[in-house]
Amino acid sequence: MKKRILSVVLCAAMVLTMFVGCGKDGDSNGVQKITWMFWDDLNATEDLISKGYKDVVDRFNKDYEGKYQVEVVTTNLEEYYPKLNALVAGKETPDCFIVSPGPNLDVYVEPGKVADLTSYLEKDGWLDSFNGGKGAFSQQTYDGKIYAVPLNIAAACVFYNTEMFEDAGITTMPTDYNGLLDACKKLKDKGYTPITISAGTAWCLSMLCGYLCDSEGVDLDKLNSGDASWLDSNVVNAVNKMVELSQYFQDTAAGDTNDVATANFYNGEAAMLIQGSWAIGQINGANPDFEKKCGVFAFPGTNGRVIAKSDSLAMSATTKNPEAVIAFMKYFTDDTAQKYTAEVGGKIPVTTVQYDADKAPAELAYVMDVFKNAKSTFGFYNESMASTEAGSTFDDAMVSIYLKQNSVEAGLQIVEDFYKNNVWNKD
C-alpha cells in the first residue's frame with residue numbers, strides 16, 4: 001500500500017502563529033515543559049470525559065511541580081486534525097496528542113512523526129495493567145511496534161428516548177433495518193423527530209453508512225484491494241438505505257455539527273441518536289436528568305457486529321522530553337483516571353482496574369450488554385479505508401448524496417474513481 005502523506009492545510013501559517021511556543025522544552029528554573037493537544041476546551045467543557053482529562057492534567061502538574069509541566073493546546077473536534085497536521089507539517093508537533101487508532105494512525109507512523117512506545121510499555125509492568133495485555137493494542141500496533149496508548153473503549157450504538165418510544169407504542173427494540181424504519185414511522189406519526197444526526201460533521205453520517213454497508217455484507221478489505229467495486233449492488237443498496245432513512249433526520253441535519261446533533265437528543269428534540277458511547281459523557285454532563293430516560297440498543301441488522309474505537313495518545317518522535325511525556329501518559333491509565341472513565345464518563349476502561357458499577361452511568365451498563373453480545377467489532381469506515389484521503393472522499397460523497405448534489409450511483413462513482421486513480425493502480 002502506498003505511503004500516505006500528511007495533508008498541509010492552507011491556513012498552516014496562521015495556525016502555527018496561533019500555537020507559537022509549542023516547541024518549548026523547559027524554562028530557566030529547569031522545569032521540563034511539554035505540550036498536549038486535545039479537541040476540547042478543558043476549562044469550558046461540559047463533557048464528562050473531557051473534565052476527567054482536565055483532572056489528569058491538573059494532577060500531573062501538581063504532582064510534578066518544579067520538574068514537569070503540561071501546557072494544553074486545545075481546539076474543537078471539527079478543526080482538530082487540520083490544525084494538528086499543520087503543526088506536524090511545520091515541524092511544531094505537540095509532544096503528546098490524541099489520535100484515532102486503526103489504519104489511519106499510519107499517517108503519522110510511516111513518515112516517522114510518532115515515537116515507538118513499545119519499550120516504555122514493557123517497562124515496570126505498564127503493559128500488563130491493560131486488559132488483554134498486548135492484545136489491547138491491536139489497533140495501535142504496526143510491524144510489531146506500538147505507537148499509541150488507548151485510554152478507553154467506546155461502541156457506536158443507538159441512543160433512544162425511552163419516553164418517546166413508549167408514547168409511540170414501541171415496546172421492542174428494532175433488530176433489523178425494517179424494524180428501524182417501522183420505529184421511525186411510528187415516532188414521526190406521533191409528532192417526534194425520529195433521528196438526530198450530523199451531516200455537517202461528515203464522519204457522523206459516514207458512520208451510519210458504515211453500519212448499513214456492513215449489514216449488506218460489504219467487504220471493505222475487498223474494496224481496498226480492488227477485488228470488489230464501490231458500484232457493486234450491495235454498496236448501492238446500503239447507501240440507498242441511508243437516503244431512505246434520511247427522511248427521518250432533523251430538518252437541520254445538513255448544517256448541524258456533532259455537538260448540536262447530540263444536544264438535539266438530550267434536549268428532547270429527537271428520539272434517537274446514532275453515536276458512539278463517548279457521547280454518554282456529553283449527554284450526562286450537559287443534562288444530568290436525561291440519564292433516566294436514555295436507553296441504548298445495538299444498531300440493528302449487523303448480525304452482532306459493532307463499531308468500536310478508543311481515544312489514544314501518541315508521542316512526537318522529536319520530543320525533547322520523552323520521559324515527561326511517558327509520565328504524563330501513565331496518568332491517563334492509572335487507577336484514578338480509569339475509575340473515573342467508567343464511574344463518571346461512562347466509557348469502558350482499558351485497564352484491569354476495579355470500578356463500582358453502581359456509580360457508573362446507567363447507559364454504560366447498556367453499552368456493556370451490547371459489547372457482551374457482539375460477535376465482533378470493526379472500525380469507522382472512513383478510518384478503515386486505503387488512506388485518509390480515501391476516507392475523506394467517502395465522507396464527502398456520502399454528504400453529497402444526502403444533500404442530493406449527487407445520485408447514489410454518481411456519489412459512489414466518485415469513490416470508485418478515487419480508488420482507480422490512487423489505490424488500485426498504485427504499488
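Select Thr-196 to begin: its relative accessibility is 0%, so Thr-196 counts as buried. The model on your screen is a predicted one. Thr-196 sits in strand β8, which covers residues 195–196.

Next, show the backbone of Ala-261. Its oxygen lies 2.8 Å from a polar atom of the Thr-196 side chain.

Now bring in the other surroundings of Thr-196. Setting aside neighbours within four places in sequence, the residues in contact with Thr-196 include Asn-264, Phe-265, Ala-270, Met-272, Leu-273 and Ile-274. Gln-250 and Ala-261, already on display, are also among these contacts.

**Salt bridges**

Hide that region and turn to charged pairs. The model has 13 salt bridges. A few stops follow.

Select Glu-163 and Lys-293. They form a salt bridge, with the closest N and O atoms 3.7 Å apart. Glu-163 belongs to helix α6 (residues 162–167), while Lys-293 is in the loop between α12 (279–286) and β10 (294–297), so this pair ties together parts that are 130 residues apart in sequence. Glu-163 has a relative accessible area of 46% and is partly exposed. Lys-293, at 23% relative accessibility, is also counted as partly exposed.

Move to Lys-185 and Asp-189. Their side chains meet in a salt bridge of 3.1 Å, N to O. Both residues are in helix α7 (residues 177–189); because they are four residues apart there, about one helical turn separates them.

Then select Asp-214 and Arg-305. In this salt bridge the closest N and O atoms are 2.8 Å apart. The pair links distant parts of the chain: Asp-214 is in helix α8 (residues 202–215) and Arg-305 in strand β11 (residues 305–309), 91 residues apart. Asp-214 has 12% relative accessibility; the cut-off for buried is under 20%, so Asp-214 counts as buried. Arg-305, at 26%, counts as partly exposed.

For the last stop, select Asp-55, Arg-59 and Asp-334 together. What links these residues? They are joined in a network of salt bridges.

Key. Residues are numbered from 1 along each chain as its sequence is written. This is a predicted model: local features need pLDDT of at least 70, side-chain atom pairs count only at pLDDT 80 or more; totals for chains, interfaces and linings use all residues. Side-chain values use heavy atoms; hydrogens and water are left out. Helices (H or I, at least four residues) and strands (E, at least two) are DSSP runs, numbered from the N terminus. Buried means under 20% relative accessible area, exposed over 50%, partly exposed in between (1.4 Å probe, protein chains only). A polar contact is a pair of N or O atoms within 3.5 Å; within protein, one must be able to donate a hydrogen and the other to accept it, and residues adjacent in sequence count only if both atoms are side-chain atoms. Contact means heavy atoms within 4.5 Å. A salt bridge is a side-chain nitrogen of Lys or Arg within 4 Å of a carboxyl oxygen of Asp or Glu.
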